[in-house]
Amino acid sequence: MSAAGQTTRRGFAARTLALGAAALLGTALAGCGRSQGKAQPVPAGSTVLALGDSLTYGTGASAETSYPTVLAELTGWNVVNAGVPGDTSAQALARLPALLAEHRPKLVIVSIGGNDFLRKLPESDTRANVHAACKLALESGAQVLLVAVPRATVAAALGQMTDHALYAEVAKDLNIPLQREGWGEVLAQAELRSDQVHANAKGYAQFARSVQGTAAAAGLLRR
């Protein structure tokens with residue numbers, strides 16, 4: 001091969017390697033962008049699914065004073081109350097596919113696990129179910145806000161509530177915002193409770209305001 005031909009061949013190979021490297025770099029940068037999971041504001045009027053148990057349903061107060069109803073008033077979102085009293089994390093997870101298909105929410109607020117703790121179900125199962133619910137919602141195209149639930153301890157019975165560590169673990173793993181200490185702060189105050197494990201209307205209103213604040217801080221809600 002002539003010297004000119006070899007030079008042309010080397011130039012072509014160099015350009016090919018450069019293009020390949022650029023493509024790989026672009027893919028890597030895109031992957032980094034996805035992993036950061038920057039939240040997008042959820043516009044007023046959007047459907048938001050509140051998945052949960054009796055605390056989401058509003059046990060201890062009226063439907064008009066449940067936290068999803070109050071949150072809808074505060075944000076302008078169309079908040080679907082998908083709370084079922086007594087539901088475990090496994091039962092809430094089982095309901096989720098049909099709820100996602102029916103409502104196609106822009107945001108899913110996941111607040112489950114309390115009944116698991118009360119019934120002393122395996123914590124590894126609860127973590128797996130919470131993780132699966134959040135991941136399923138993300139895969140549907142929705143954003144997710146995870147709500148931490150207090151541990152069931154002797155201290156909790158005395159009003160000293162601490163979030164179970166599994167929620168921070170799931171939020172970190174999936175890179176989603178976490179509502180911290182919201183239920184703990186409400187249920188630790190007798191004036192905000194209807195009984196030992198449920199809020200009253202005033203308590204649900206306080207919790208809804210705390211969710212609103214977390215959503216705004218995370219970028220899910222315009223300030």
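Entry 1, conventions. I number residues from 1 along each chain as its sequence is written, and my side-chain values use heavy atoms, with hydrogens and water left out. Since the model is predicted, I require pLDDT of at least 70 for local features and 80 or more for side-chain atom pairs, while totals for chains, interfaces and linings use all residues.

Entry 2, salt bridges. I looked for salt bridges (a side-chain nitrogen of Lys or Arg within 4 Å of a carboxyl oxygen of Asp or Glu) and found two. In one of them R95 pairs with D87, the closest N and O atoms being 2.7 Å apart; by relative accessible area (buried under 20%, exposed over 50%, partly exposed in between, 1.4 Å probe, protein chains only), D87 is buried at 8%, whereas R95 is partly exposed at 22%. I also noted E169 with R127, at 3.1 Å from N to O. E169 lies in helix α8 (residues 165-174) and R127 in helix α6 (residues 123-139), so this pair ties together parts that are 42 residues apart in sequence. Helices here are DSSP runs of H or I with at least four residues, strands are runs of E with at least two, and both are numbered from the N terminus.

Buried residues in α10 include Y204, F207 and V211. After α10 comes G219, whose phi is positive, near 95°.
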